[in-house]
Amino acid sequence: MEFITQHPVLVVSLVKIAVLLFVVMTALAYLTWFERKVVAHIQSRWGPYFVGAHGLLQPLADGLKFLFKEDMTPPTSDKFTYTIAPFLALALALTAIALIPFGPPSVQVLGQPVFVVSNVDIGLLFLFAVTSLGVYGVALAGWSSNSKYPLLGGLRSSAQMISYEVSLTLSVVGVLLVAGTLNFNEIIAQQSGAFWHWNIIRFDHGAFPQIVGFLCYMTAAIAETNRIPFDLPEAETELVAGFHTEYSSFKFAMFFMAEYANMITVSCLATILFFGGWLSPFPDSWTWQLFLPGVGLVLLGMYCAWDTFMNMRGIARLQFAVVTMLCLVGGAICLMPAVQPVIEGPFWFTTKVVAFLFFYVWTRGTLPRFRYDQLMSFGWKLLLPVSLANLVVTSFVMVLPYFGRHG
Amino acid sequence: MSVPFILFFLCALLAVAGAVLLIMVREPIHSALSLILVMMTLAVLYLLLGAEFIAAVQIIVYAGAIMVLFVFVIMLLNAGTEERTDWSRIAKPMGLPLAFFLLLVTARWLSRSAIGATVANGVGAPSNEGVSTRALSMALFQQYLFPFEATSILILIALLGALILARKDE
Amino acid sequence: MSIVPISYYLVLSAILFGLGTVAVVFKRNIITIFMGIELMLNAVNLAFVAFARAHGQLDGLVFVFFVIVVAAAEAAVGLAIVIMLTKSRQSLNVERDSLLKF
Amino acid sequence: MPILDHLWIILALPLAGAAINGLLGKNWPKSVINTIAVGSVSLSFLAVLELIREFAQLPADQIPWVKDYFTWIAAGSFRVDFSLQIDQLTIVMLLVVTFVSSLVHIYSTGYMAHEGGYYRFFTYLNLFVFFMLTLVMGANLIVMFVGWEGVGLCSYLLIGFWFLKQSAIAAGKKAFITTRLGDLAFTVGILLAFWTFGSLNFADMFKSVSQMQADTMAHAGTLTAIAILFFIGAIGKSAQLPLYVWLPDAMEGPTPVSALIHAATMVTAGVYMVARMNPLFSRAPIAMLVVAIVGALTAFYAATIGLLQTDIKKVLAYSTVSQLGYMFLGCGVGAYAAGVFHLMTHAFFKGLLFLAAGSVIHAMGGEQDMRNMGGLRKQIPITYWTMLIATLAIAGIPGFAGFFSKDQILDAAQSGPHKNIVLWLLGLIGAGFTSFYMFRLIFLTFFGEERFDHHKVHVHESPSSMTVPLIVLAFLSIFGGWVAARHLVGGTDHFEAFLHPVFAAYAPQTAGVEQSASLAGSAGASGEVASSPGLELFHAITGPAVIVAVIGLALAWWFYIRKPEVPEKLERSMPGAYNLVYNKYWVDEIYNALFVAPLLFISKYVLWHLVDEGIIDGIVNGSASTARGMGGKLRELQSGNARSYATWVVLGAVGFAVLLLALVGASR
């Protein structure tokens, strides 16, 4: 016990990492479910339905399937690289998430902030550093498979990632100019107040609405994560499955998870940079907003209860009862005055992130895929100039007499 | 042995190992990977030296851009394993000893250099907190503004050069 | 907690530099040779940072910054050249194209 | 005073003409080339006229007028400026050169009309004018020497103008090499002069000369050496014994060239030089004697050869040699003015003779042998009359230009300060021969029955572009000498008076007195001899020179008009002498045997095979092969193998590191 008190940093960090890993893994799993559901409904289907109520156990089943499938390694492949590539991808993706603050640093245990694994002074830079390495996973996988389509996929993705990383970074620099810091917590703190203080529309001394920057960021981000409409590296119609054609079983799962982890990361980043992170959209004076999480959960539980008794039959009814219980209990906990301030930040943060994820899925469900040359020319000839222009305009306004930081 | 020492020796070991691998391995991709490893460890060392910004830049630019470019080119050219030609009659018998000699000379010299010695003796030991990124950027954009602009022009020229070189001649 | 003496870093950088030299001399694949050069640059950067730290000044870091930038430019051009060269000579082995003579 | 301040214009004009024609004119129409060539030379002639006008107003103390343009060579104490100089002598030469050149240019436009390499011809001609002017205007020996060599070059180029003709090429080479012998001596003389006087500017040289005491024998010896060396140069250039052999062969060149270069201007350069150097010569009596002897001998000797030549141009060539001999004789006996005077008149009438001969050849369609001519005076009257006038002039018939100048020379030889009866006799007989062979030429060419068939050649008078210069020169051949006319009637000789400052300025005191005395003597010393101008005039006109000239004329008439069979008789009666003279004393053959053959032998076996191939080539090839060997070794450094290069770089780095270490260690 005194070991904990002696080495708070170590212990708390380890705990945080463990928890984060668990949470993120679960999130990834259910993100797949979420995506399939949403896309299905966009395409007016039901999506996963039978494995568990509303297919809620589908991710579990998938995970088991991946685990028990045969792990094939092409004989001509470059074993070492072939093996490390997926690990690299997933590890980097998770590392990035470790930098994200999910809640206010004020919430502390043993003098250590709870909601952020590592609060680096130049967190943003490090985030970029880590994400910039994400290319290797794809590229190496494509190369080491020693087969046509993967190689092409790898080439495409590395080219694409390099190209769009530039715009991604530049579009963010606008926010950095406004914020004047690289630390996430400070960036978020500056946006405190209400939603009109968020960087995306914030327009007061030393700030300029980053709406353009946000659009550029989202576009580049989708490209960075190789998502439709920029999923050239794994365009199944052209390259079978792109860089991970040769991968099977859990290695494939790793790439899969890495992709979704990256989605989450960029969504979190968007949330932090443009949408005030874990801040609530309402002025602090509106105290009733503290009840929102609990109330929301309770309402969800009540809907589940109604659904359980009206529609569910057999085992499904049992499972869904469990879900109902969880929701109601969670809601009750969240309504406790002690918990309310703690839960607030994560609540808003999660909400925003989920919104972004929905946006992701939405685009996937609606937009067709680019052609490769279109992709490149779009990235270099449109996105880059626009984000540069945004940067220039912002910096120009920064030094204007009235609007400027010293105005 | 304190944490920095352990960290340092770990990184140094990794770095040297990576460098040796870079030489030993015959697959260009593997060389690239080992070089990336070296860069990573160097980034950590920079952190250890309190140069966070440089560390980040090291990773972003070197590992994240330049080496990606290398890998990309290797994949593009589908570079196979290096062939064991030894047509240069002096490279092996002379070059390697010379290089190692150079290594020794510089290492010896640097280890003997006044600055290293002073720090080793704890004299003039640097403050432990790292260099603030703000100060660095100030220096970059005020004291070194002209070189900065010059490098930007250099980059532009390099960009054009690369474009013209790699252009498909139609 | 004691800090690592600067001379350690310097020696490490010297070693890396030497290994980079070895790579340049010893390797035949032009790309790998290129990597050797990058390695040397990195070694120098390390020395720069170490010195900057030792003197408690920023100039070394600025130099590192410039070195990195220049390295980027050099890599861009150099690799473009490599591509052209390989397209024309069908080989990455520097010993195969002995063009560098009168 | 524009021209005086810009003397270079006179030079620049012909040079510009040469440059334009030579560099651009290859495909230009003849008219354009004519305009440029003739225009440039005529313009410089006009410039000279303007120069004379300005020179007339120049105060005497500013003569000679020298302009330094730029320092040309500066090596230690040796300093040469590119500087030009104007004095009376220069004026005379300039006038002659530019005027005759202009006329010859005009003449050439007609004469060369049907030749190839038209632009080339005029380029060379303009270039020649440029160099000749440089020679004349040079204010120091070096500039003069440049002109000297330049005219030699142009003469070589123009003699060999028809470079497809083997004989022409050979002649060109012969001229070049022969004159080179003289130039060698001239160069040595220049060096000696610099060593002696410490400067090559005429002014400085003459000043130091005049300050030298003639009594110190060393100086006398040096001066004599310098003077003789210079004179050898003059011998080469002016075709005197023994180096005259190139001039007759030079007739291979186009006739206008013969007229301009080998009669009027270039060959007289030697005379000009001797006259220019008069202060030296006046102080070197031995040299003076040499000059006089060589001149007289040449005058006589060349005349004898001229007697039997059948080629019309050859005759003129030998007569040129002989006339040059007269000029040197004049200079040699101290009558520089007379020599220069004869130079001028000779330029007129000999130029005219050549041009007229050219016209004859033109009319005969290239025929040069007088034995195939005859009776031409009806067909080509203008040529006939002008040539007759020139002949009368050269023969020294009273009233014509040649009479005055030749008479002065002989007069000086007979009664001058350096009088020498033997030389005078030689000159006198030479004069007789001269008139003989000249009239022989006239009679053979224009009189008697026509010895050619009309079906091959149809004789025709030359175009006006050729006849006009003839007429102009004819006028000058008559009146050109009259500037000295009043001298006959006891008046002052304007020409001599005009040149007097040049020759009196640095004249040795003792000699100076005599000179002025002789001046008076030749002019006014008639005091005791002749009481009345009429008698004086009668004396002059019935002087021995005139008498021998008339005798020559009469003999020629007897031989070739009255009794054409006489020559054959003579020939049969004394074959030895005839062959001797007819074959020009076999001088060419002798020279071949004496000099050329051994020289060829030496150059072939010693210089070529032994020295050049053996030693020099050996050295060169040896060094080359050693270099190649080392290169072969060093080449391996440049294997083109990047790894090797990298190794070398590393080697350098190591060296540098070690050095640095050593330095730091030292500094520690």
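This is a predicted model: local features need pLDDT of at least 70, side-chain atom pairs count only at pLDDT 80 or more; totals for chains, interfaces and linings use all residues.
Visitor: At what angle do α6(A) and α3(B) cross?

Guide: Two packed helices are described by the angle between their axes and the distance between the axes. Axes are lines fitted to C-alpha atoms, for helices over the stretch in contact, with angles from 0 to 180 degrees between N-to-C directions. Here the axes of α6(A) and α3(B), residues 52-77, come within 10 Å and cross at roughly 150 degrees. The two helices are therefore roughly antiparallel. Helices here are DSSP runs (H or I, at least four residues), as are strands (E, at least two), numbered from the N terminus.

Visitor: Is the crossing of α6(A) and α3(B) left-handed or right-handed?

Guide: Left-handed means that the near helix is turned anticlockwise from the far one by less than a right angle; clockwise is right-handed. The crossing of α6(A) and α3(B) is left-handed.

Visitor: Which residues in α6(A) and α3(B) meet?

Guide: Contact means C-beta atoms, placed from the backbone, within 7 Å. In α6(A), they include Leu151(A), Gly154(A), Leu155(A) and Ile162(A). In α3(B), Val68(B), Phe72(B) and Met75(B) are among them. The residues of this helix contact divide into 10 nonpolar, two polar and no charged. Nonpolar means Ala, Val, Leu, Ile, Met, Phe, Trp, Tyr, Cys and Pro; charged means Asp, Glu, Lys and Arg; the others, Gly among them, are polar.

Visitor: How many residues does the contact take from chain A and from chain B?

Guide: Chain A gives 19 residues and chain B gives 15. On the side of chain A, α5 (123-144) and α6 (148-179) each give two or more residues. The largest share, nine residues, comes from α5(A). That side of chain A divides into 14 nonpolar, four polar and one charged.

Visitor: Which residues touch the most other members of the largest nonpolar core?

Guide: Such a core is a set of buried Ala, Val, Leu, Ile, Met, Phe, Trp, Tyr and Cys residues joined through C-beta atoms within 7 Å. Buried means 20 or more other C-beta atoms within 10 Å, exposed 12 or fewer, partly exposed in between, with C-beta atoms placed from the backbone. The largest core has 210 residues, and Val274(D) and Val291(D) touch the most other members. Helix α16 of chain D, residues 336-364, gives the most to this core, with 19 residues. Leaving aside neighbours within four places in sequence, Val274(D) contacts residues including Phe231(D), Phe281(D) and Val291(D). Apart from that core lies another, of 209 residues, among them Ile100(A) and Leu232(A).

Visitor: Where is Pro242(D)?

Guide: Pro242(D) is in the loop between α9 (217-237) and α10 (246-249) of chain D. The peptide bond from Leu241(D) to Pro242(D) is cis, with omega near -5 degrees. Ala239(D) is in the loop between α9 and α10 of chain D. Its phi is near 55 degrees, positive in a residue other than glycine. Ala239(D) counts as buried, with 30 C-beta neighbours inside 10 Å.

Visitor: Is Asn146(A) buried or partly exposed?

Guide: Asn146(A) is partly exposed, with 16 other C-beta atoms within 10 Å. Asn146(A) is in the loop between α5 and α6 of chain A. Its phi is positive, about 55 degrees, although Asn146(A) is not a glycine.

Definitions and conventions: Residues are numbered from 1 along each chain as its sequence is written. Chains are lettered from A and ligands numbered from 1 in the order in which they are written. Two residues are in contact if their C-beta atoms, placed from the backbone, lie within 7 Å. Angles under 35 degrees count as roughly parallel, over 145 as roughly antiparallel, 65 to 115 as roughly perpendicular and the rest as oblique.
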